[in-house]
Amino acid sequence: MTRHAIQEALALAHQARLICPPNPAVGAVLIAPDGQVIGRGHTQVRGGPHAEVMALRDAQARGQSTRGATAYVTLEPCSHQGRTGPCCDALIEAGVAKVVASLVDPNPLVSGQGLARLRAAGIEVEVGPGADEARELNIGFLTRMSESRPWVRSKIAGSLDGRTALNNGQSQWITSPEARADGQAWRARACAVLTGVGTVLADDPLLNVRDVATPRQPHLVVLDSQLRTPLSARLFGQARALWFATTVSDPARHQPFIERGAEVLVLPSADGRVDLPAMLAELARREVNELHVEGGPILNGALMQAGLIDEWLLYVAPKVLGPGRPLATLPEQTDLDQTHALVFTDLERVGPDLRLRARKAPQR
C-alpha cells in the first residue's frame, strides 16, 4: 500500500511542477483505514493551498471522513504560517492517524518541526518512502534551502565533435525540432533563465517559453558586466522579472534599463567581473530554485571554472561540424587530474538527437 500510495503522490507532485515555483512541488494522497483513496491534491500556485489541504478538501468534497486516515505526502507538512496556514495543523485537525512523508523539509522554518508537531499530537510518522524521486523533483528548492543558492543547470546544444556553432557564429539549427521542444520543457520548469550579453548581442533571443503550455514565464537574468545590452533587445517588455547582473555602479547608466522594466544588480568582484557566487546568493534570496543557463562558451566556462554548474543538459546532434565554437571556454590543462570530472546520470534519444545529463563527480 505504501509504495503504491507514495507513487500516486509523486505523480500528483509532477502535475504541480510548472505552476508552483518558488514553492516545492508536493503531492498528497489520503487513504482511509479500509484502503480506499479518499482524497488527492498537489501544491497550487504561489499563495494557494498546499498539497495536504487540497487532499483534505478533496475528501470533504467527496463526503469522506478523514478520521483514522493515512496521509502520504512527498515532503514534510509545513509548520509555519506563511501565505497559507500550517499543513501539519490541518492534518491534526482532520484526525489522520498516520503521516508518511518522503523527505524532511530543509526549510529552516520547518526542518522537522512539522513532523514533531504531528508526533506530539499522537500521529504516527514515517519518513523515507519515495525519497529519491521527491528529491529530484525538488532539487532546486532543496538546494536553495540547504545551500542558499539555486541549482544551476546548463543547457547546451552541440554536434558530435562538441561544437555549439560554426566559427562564423551560425548555430541555427544544429539540433532537431524535437530536441528544441524538449529544451523548452526544461526551461519552463526553471524559476529563472541565465544568459550572457554575448548571446544577447549575437542572437537577440527572447528566452521565454513558447512551445510548452505554462501558466508562468521564468524570470530572466542577463550577465552583462558593462551594460552593453541594446535597449531595443527583444528580451525587454516580457511578462516576467528581468535582472541585469553588472559591475556598473553609475545610477545614470542604470536608468534606461529601469525605464524598460528591468532591475540592475551591481555585483562586482575583486577581479572587476561580476561576482558569480554573489549573483547566485542574490538569486536565491529572490526565491530562484532552479537556474537554467542558456549562454555561450564564455559564460559556461566561467561558471564551470568557479564550480557553479551542478548539472549539464546536453543535446548532441549526429553531425560533425569541424572547427567551431566549443561547449565551454576553459584554460588549457596539462594534466588529466586537473580536468572537470562529471558523471552521466541520464541518456535518452530525443528525435534524431541524444540528450545527455551529467553532474559533477563526487569528490574522492
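I38 touches L30, I31, A32, D58, A59, R62, Q64, S65, T66 and A69, leaving aside residues up to four places away in sequence; touching, or contact, means heavy atoms within 4.5 Å. This is a predicted model, where local features need pLDDT of at least 70 and side-chain atom pairs count only at pLDDT 80 or more, while totals for chains, interfaces and linings use all residues. Residues are numbered from 1 along each chain as its sequence is written, and side-chain values use heavy atoms, without hydrogens and water.

Now the cores. A nonpolar core is a set of buried Ala, Val, Leu, Ile, Met, Phe, Trp, Tyr and Cys residues joined through side-chain atoms within 4.5 Å; buried is under 20% relative accessible area, with a 1.4 Å probe and protein chains only. The largest has 30 residues, and I38 is among those with the most contacts inside it, as are L30 and L91. Elements giving two or more residues to this core include β1 (27–31), β3 (70–73) and α6 (139–147); helices (H or I, at least four residues) and strands (E, at least two) are DSSP runs numbered from the N terminus. The most comes from α2, with 4 residues. Apart from this core lies another, of 28 residues, among them L265 and I309.

Next, R17, in the loop between α1 (2–16) and β1. R17 counts as buried because its relative accessibility is 10%. Its side chain makes a polar contact with the side chain of E290 at 2.7 Å; that term means N or O atoms within 3.5 Å, within protein one able to donate a hydrogen and the other to accept it, with sequence-adjacent residues counting only if both atoms are side-chain atoms.

Terms used: Buried < 20%, exposed > 50% of the residue type's maximum accessible area, 1.4 Å probe, protein only.
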